[in-house]
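Subject: Structure handover

Hello,

Here is the structure I promised to pass on. Please open it next to this email, and my notes follow below.

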Amino acid sequence: MDRDEELLRGRVYGTEHDDPNPGPRPGRDYAELVGGPLDGLLLDITGWTSDEIQTGAALMTELGQFGAGGRALYDPRPGERRRWDWSGDTP
């Protein structure tokens, strides 16, 4: 199985827990979140500009250091647009 097929088996960040189809959808562009509280989830970056991707994301999560209302920080891995590394949590 190649890497893209593995990614297609993941859950997409922001989908509801009871969503019958929490996985990626055809025609969308995803980045895999690596490390931290959201490890293994996919982030839908469809339509993001190069600048937005370069900036990374502060993603809401209750699983991080600051609990409800906190955010996990993820940045694209140099040279790998489809893998974003966790860099810490923020309130």
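Let me start with Glu80. Its side chain is partly exposed, at a relative accessible area of 34%. Keep in mind that this is a predicted model.

Salt bridges

What does Glu80 meet in a salt bridge? The partner is Arg83, with N and O 3.6 Å apart. Arg83 also forms a salt bridge with Glu32. There the closest N and O atoms are 3.1 Å apart. Arg83 lies in strand 5 and Glu32 in strand 1, so this pair ties together parts that are 51 residues apart in sequence.

Is Glu32 buried or exposed? Glu32 counts as buried, because its relative accessibility of 14% falls under the 20% cut-off. These contacts belong to one network. Salt bridges with shared partners join Glu32, Arg77, Glu80, Arg83 and Asp85.

How many salt bridges does a search of the whole structure find? The count is 6. One of them pairs Asp44 with Arg28, at 2.9 Å from N to O. Asp44 sits in strand 2. Arg28 sits in the loop between helix 1 (3–7) and strand 1 (30–34). The pair therefore ties together parts that are 16 residues apart in sequence. Both side chains are partly exposed: Asp44 has a relative accessible area of 23%, and Arg28 has a relative accessibility of 42%.

Five of them form an open sheet in the order 2-1-5-4-3. The pairing is mixed. Which strands are at the edges? They are strand 2 (42–44) and strand 3 (57–60), and each pairs on one side only. On average, neighbouring strands of this sheet are turned by 35° against each other, direction ignored.

Strands of a sheet pair through backbone hydrogen bonds, either parallel or antiparallel. In which sense do strand 4 and strand 5 pair? Strand 4 (residues 71–77) and strand 5 (residues 80–90) run antiparallel, paired over 7 bridges. Within that pairing, Arg71 stands opposite Thr90 in strand 5.

Where to look

- Arg83 in strand 5, with Glu32 in strand 1.
- Asp44 and Arg28, joined by their salt bridge.
- Arg71, opposite Thr90.
- Strand 2 and strand 3, the edge strands of the sheet.

Best wishes

Technical notes:
Residues numbered from 1 in each chain as written. Predicted model: local features only at pLDDT ≥ 70, side-chain atom pairs only at ≥ 80, totals over all residues. Heavy atoms only, no water. Pairing = 2+ DSSP bridges. Helix = DSSP H or I, 4+ residues; strand = E, 2+ residues; numbered from the N terminus. Axes fitted to C-alpha atoms, helices over the stretch in contact; angles between N-to-C directions. Salt bridge = Lys/Arg side-chain N within 4 Å of Asp/Glu carboxyl O. Buried < 20%, exposed > 50% of the residue type's maximum accessible area, 1.4 Å probe, protein only.
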